[in-house]
Amino acid sequence: LRSSRTRLQFFAELHRVLEKGARILLVEHLRDFANFAAFGPNFVHSYSRREWLKCIQSNSLKVVAEFSKTPFIRIFVLEK
């Protein structure tokens with residue numbers, strides 16, 4: 001989902017098909033210092049936390065939990 005438009009459409013479709021109270025796990029590398037240190041310039045293939053939150057919130061989904069499994073992976077628990 002490289003383009004912002006495509007990501008927004010994807011989250012809109014998730015919102016459309018999910019029942020109220022349904023949850024989604026979004027597991028991602030973020031565009032942050034830890035991933036820059038690990039992956040060098042390739043970290044630009046990831047998105048920032050701010051970008052993910054924009055996609056999530058623009059489609060009326062809410063983050064009910066957020067945590068890291070490792071310094072490189074961020075997990076968002078989303079709910080409709």
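In the predicted model, the protein chain contains three helices and three strands. Their order along the sequence is α-β-α-α-β-β.

The overall dimensions were taken along the principal axes, where the C-alpha atoms fill a box of roughly 40 × 25 × 15 Å. The protein chain has 80 residues, and 31% of them count as buried. Its accessible surface amounts to about 5300 Å². Carbon and sulfur atoms contribute 58% of that surface.

The charges of the protein chain comprise 14 positive and 7 negative ones. The mean position of the positive charges and that of the negative charges are 3 Å apart.

W52 belongs to helix α3, which covers residues 49-57. The relative accessibility of W52 is 4%, and because buried means under 20%, W52 counts as buried. When residues up to four places away in sequence are not counted, W52 touches R7, F11, L26, E28, L30 and Y47. A further pair is formed by W52 and F76, whose positions in the sequence are 24 residues apart. In space, the C-alpha atoms of W52 and F76 are 9.3 Å apart.

Terms used: Residues are numbered from 1 along each chain as its sequence is written. This is a predicted model: local features need pLDDT of at least 70, side-chain atom pairs count only at pLDDT 80 or more; totals for chains, interfaces and linings use all residues. Side-chain values use heavy atoms; hydrogens and water are left out. Helices (H or I, at least four residues) and strands (E, at least two) are DSSP runs, numbered from the N terminus. Buried means under 20% relative accessible area, exposed over 50%, partly exposed in between (1.4 Å probe, protein chains only). Accessible areas come from the Shrake-Rupley method with a 1.4 Å probe; for residues, only the protein chains shown count as cover. Lys and Arg count as positive and Asp and Glu as negative; His and the chain ends are not counted. The place of a charge is taken as NZ of Lys, CZ of Arg, CG of Asp or CD of Glu. Contact means heavy atoms within 4.5 Å.
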